[in-house]
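User: Hi! I'm new to reading structures and would like to know where the labels come from. Can we go through a few?

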Amino acid sequence: MSEAETPTARTGRTITTNIPARLDRLPWSRWHWTIVIGLGTVWILDGLEVTVVGNIAGRLSESGSGLAISSGQVTGVAAALYVAGACSGALFWGRLTDRFGRRNLFMITLAVYLAATALTAFSWQAWWFFLFRFLTGFGIGGEYAAINSAIDELIPAAYRGRVDLVINGSFWLGAVGGSLLSIVALNTDLLAANLGWRLTFALGAVLALVILLVRRHVPESPRWLLIHGRDREAEEIVSGIERRVEAERGERLPDAEGELEIHQRKSVSFLEIARTVFGRYRRRAVLGFSLFIGQAFLYNAITFGFGAILTKFYDVPSDHTGYYFAVIAAGNFCGPLLLGKLFDTVGRRVMISSTYLLSGLLLFGTAWLFDRGALTAATLTACWCAVLFFASAGASSAYLTVSEIFPMETRAMSIAFFYAIGTAAGGISGPLLFADLTGTGRVRDTVLAFSIGAALMCAAGLVAVFLAVRAERRSLEDIARPLTAVASRAKAAARPGSRGGGPSAPPAASRP
């Protein structure tokens, strides 16, 4: 897996390239759809996994399920282990993604997820179920780092925001499927109590296998290849993409403007990554922490207690909560889908801060109405939909933000680090805190849970007002100049014979 294994990998050289500019000036094409399908659909699996486990917790704890486990262990211990696996997996695979390439790792991490999900279906004791929930999360955590890095480096700057948001928001399509699938799995007239839940995990493994086959056709990031001494491969990939796009459009692409001078190197040390993220870009680091922690707590305030709230306060049968969650999940997906374009047009700062603040304020309003007893199961679900319509776009923009505001060499590790810290804070402590609050059956405790999530979401929105980076329609190299870049300005023109040359505008200097 080492770069040295490839004959064209020669680090230590200084090259001038216009490949990033050529990728950013591409119009949207069928090739870009293959990237979206090959890389983005994995979030559907993540949504399927998380939702199915939450919805079948009651059935797993029943006699005859084939597994001696309590409902609290499924929604508490197993959920926390899944999140812990995702956090540790993000850090482990994130470092390898920056070192060995996006493609190598997004193939490996999906294979880990596939195997762990399949083995979960064969659980016969609680410890086996816990172990493979952790390993499933371990694979998914690596996906977050590898996939978001690859997507941002392959998608043109003009479309990067909306594509990233919709792909991360597709988690909720999986949640809709998981909710509906759990209804079938819980129906003992169709499936035996010890079989239905196993088939749901087996289905997840089958879907992962299909995605793995599609993903074989996704290339390595040319930007990553450039930095690691494999510029010949990068040129071949980009030239091939350009030929496909030109054939599809029936016309020659316009010249690309702007070049970058890079001193190729094999790897970047942890110390250099830390100095870059927490020294040079410390304001951006504060932004990343705030966005991840805020969205993690808001989501946990709602999703980890929604079933208990519906059953305890509104007498909704446990096997019907999946219908309500399917509605909530649909609202979540509509947020990034309908608001995503605005992140590329209105801009990052306005949209990130407004989606965080609006969702937090709406959750405060929901808590107030709930405290007054003014809601029914249907109207509470409608309130949640409104909250999560904006929150989903905001949460997806957190991944977009940390994947584009740090230099290329630290991208995957930065995504992994902020995801791990934010998710650990909200995703491990969150379930433990909110499960206790929403499980007591007391109105004031549920109101407190909503208020905690709302307050942290609003706080993150205020941070974004002052610290969010105006990254819309800008190249990644302009937002955060690569550590390997040795020139302070772009070249005036492409080298003779280079495809897509022309006059260039110097990229703006990066500032934290």
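User: To begin, which helix does Leu203 lie in?

Analyst: Leu203 lies in helix 10; helices here are DSSP runs of H or I with at least four residues, strands are runs of E with at least two, and both are numbered from the N terminus. One heads-up: this is a predicted model, where local features need pLDDT of at least 70, side-chain atom pairs count only at pLDDT 80 or more, and totals for chains, interfaces and linings use all residues. Residues are numbered from 1 along each chain as its sequence is written, and side-chain values use heavy atoms, with hydrogens and water left out.

User: What makes Leu203 buried, partly exposed or exposed?

Analyst: Buried means under 20% relative accessible area, exposed means over 50%, and partly exposed is in between (1.4 Å probe, protein chains only). Leu203 has 36%, so it's partly exposed.

User: And why does Val206 get its label?

Analyst: Val206, also in helix 10, has a relative accessible area of 48%, so it counts as partly exposed too.

User: Which residues form the nonpolar patch on the surface?

Analyst: Trp33, Ile37, Leu203, Val206, Leu207, Val210 and Val214 do, with about 600 Å² of accessible area together. Patch residues have over 30% relative accessible area and no salt bridge; nonpolar side chains (Val, Leu, Ile, Met, Phe, Trp, Tyr) are joined within 5 Å, like charges within 9 Å. A salt bridge is a side-chain nitrogen of Lys or Arg within 4 Å of a carboxyl oxygen of Asp or Glu. Areas come from the Shrake-Rupley method with a 1.4 Å probe, and for residues only the protein chains shown count as cover. Helix 10 gives the largest share, 5 residues.

User: How do you know whether helix 9 and helix 16 are parallel or antiparallel?

Analyst: Their axes come within 8 Å and cross at roughly 170°. Axes are lines fitted to C-alpha atoms, for helices over the stretch in contact, with angles from 0 to 180 degrees between N-to-C directions. Under 35 degrees is roughly parallel, over 145 roughly antiparallel, 65 to 115 roughly perpendicular, and the rest oblique. So helix 9 and helix 16 are roughly antiparallel.
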